[in-house]
Amino acid sequence: MPANLTPQYHKAEEIYKQAKTAEERISALEEMLRLMPKHKGTDHLQADLKRRIARLRDEDSKPKGRKTFDPFRIEKGGAGQVVLLGAPNAGKSAVVAKTTSAPTQPTAFPFATQGPIPGMAAFEDTQVQLIDLPPITADYFPTGMAGLIKAADGALLLADLGSDSVLDDLEAILAALKESRIKLFDPGVEVHGPTGEEEEMLVTRLPTILLASKCDLPGARVRFELLKDLLQGRFDPMRLSAETGEGLDALPGQVFRLLDRIRVYAKEPGKQPDMRSPFVLKQGQTIVDLAAKIHRDFPDHMRQARVWGSARFEGQAVERTYVLRDKDIVELQVDL
Ligand SMILES: Nc1nc2c(ncn2[C@@H]2O[C@H](COP(=O)(O)OP(=O)(O)OP(=O)(O)O)[C@@H](O)[C@H]2O)c(=O)[nH]1
Ligand SMILES: [Mg+2]
């Protein structure tokens with residue numbers, strides 16, 4: 001049976017197609033529904049219109065800006081971004097509070113930290129970014145957190161030496177991360193690269209230091225030995241106490257080494273190098289990478305580069321593919 005739609009109906013449909021907002025669309029659809037001849041042949045069309053109106057109303061009532069604001073997106077800073085992972089009360093906030101000036105603090109009750117809180121920890125003349133995070137358990141893994149963890153450059157995994165369930169808690173965290181295709185590994189222990197399965201599943205691998213926290217507490221020594229034994233071949237735990245300060249001073253340096261970065265100081269010909277603000281590069285990067293970091297036009301206009309530090313002799317002229325080392329000083333001669 002033909003629908004026999006009227007010219008008025010087609011006019012309303014035209015308005016609907018040009019509507020810009022959800023509100024305009026809804027009112028145009030309502031008009032179309034009103035103008036539609038009501039008979040058996042239009043049953044389908046009527047139902048379809050009602051569905052579209054309902055769906056638009058539903059979308060329109062949701063809070064605005066949901067899609068664009070992601071509380072778990074933190075701009076990277078310093079030599080690299082490292083996330084703090086651990087069970088509730090493991091001492092994540094205590095570590096971040098003691099090593100950075102981030103507005104976070106240890107709290108006696110669990111699940112205290114509700115969102116990511118970044119801070120910068122100083123290491124010699126550079127900084128590493130630590131991000132305090134909510135805890136992870138078998139039942140608790142806030143949505144959005146996996147994205148932040150995947151985007152990070154490394155992780156500090158805390159194991160609470162004051163807790164009897166420390167091993168179960170760790171396994172629960174590793175399992176929850178695995179669900180999100182995240183694999184933590186200790187680069188000092190695990191020498192092989194990603195497995196075939198990990199590559200196939202597009203698993204994100206994060207270099208990680210396992211921090212055995214609260215090593216000042218009673219029973220901590222026994223639990224530490226247990227942990228060390230049971231994690232052998234996977235992680236080599238490092239003792240830490242935010243209370244006594246044990247292990248805290250060394251932490252930023254360990255994080256820097258975990259990130260596999262180097263610091264390079266640039267100098268202009270005839271001038272002293274700027275030793276206050278190193279450029280941070282990845283291990284294995286070259287003169288060209290440094291040039292690009294200083295200015296995007298530099299790589300194409302470089303005439304000569306000289307290196308102090310890792311070169312065979314001081315001030316040696318090197319190729320643009322020369323691989324730099326930590327603390328090298330580089331002079332770039334550029335014709336712009
Ligand atoms: N004895 C001792 N207590 C600590 C240490 N670090 C943290 N604590 C205490 O443990 C409790 C939890 O510390 P937080 O740093 O808030 O733990 P968290 O991992 O951030 O906890 P959530 O935010 O709930 O995930 C607090 O009462 C801290 O004072 C430590 O090294 N030694
Ligand atoms: Mg916390």
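Modeller: Here is a short tour of the cores, the ligand shell and a hairpin. Keep in mind that this is a predicted model.

Biologist: Good. How many residues are in the largest nonpolar core?

Modeller: That core has 63 residues. Leu 84, Leu 85, Ala 159 and Leu 211 have the most contacts inside it.

Biologist: Which domains does this core draw on?

Modeller: Domain 2 (81-258) and domain 3 (261-334) each give at least three residues.

Biologist: What does Ala 159 touch, leaving out residues up to four places away in sequence?

Modeller: Its contacts include Val 166, Leu 170, Leu 210 and Leu 211. Ala 159 also touches Ala 212, Ser 213, Leu 227 and Pro 237.

Biologist: And what about a second core?

Modeller: That one is separate and has five residues. Among them are Tyr 9, Ala 12, Leu 29 and Met 32.

Biologist: New topic. Which residues are closest to ligand 1?

Modeller: Gly 91, Ser 93, Thr 113, Pro 135 and Glu 243. In total, 24 residues surround ligand 1.

Biologist: What kinds of residues make up that shell?

Modeller: Twelve are nonpolar, eight polar and four charged.

Biologist: Which element gives the largest share?

Modeller: Helix 4 (residues 92-99), with three residues.

Biologist: Now the hairpin. How do strand 2 and strand 3 run?

Modeller: Antiparallel. Seven bridges join strand 2 (residues 117-123) to strand 3 (residues 126-132).

Biologist: Which residue in strand 3 is the bridge partner of Ala 121?

Modeller: Val 128.

Biologist: What is in the turn?

Modeller: Two residues lie between the strands. Glu 124, in the turn, has a positive phi of about 45°.

Definitions and conventions: Residues numbered from 1 in each chain as written. Chains lettered and ligands numbered in written order. Predicted model: local features only at pLDDT ≥ 70, side-chain atom pairs only at ≥ 80, totals over all residues. Core = buried A, V, L, I, M, F, W, Y, C linked by C-beta atoms within 7 Å. Buried ≥ 20, exposed ≤ 12 C-beta atoms within 10 Å, placed from the backbone. Domains from an automatic or database assignment. Contact = placed C-beta atoms within 7 Å. Near = placed C-beta within 6 Å. Helix = DSSP H or I, 4+ residues; strand = E, 2+ residues; numbered from the N terminus. Nonpolar A, V, L, I, M, F, W, Y, C, P; charged D, E, K, R; others polar. Pairing = 2+ DSSP bridges.
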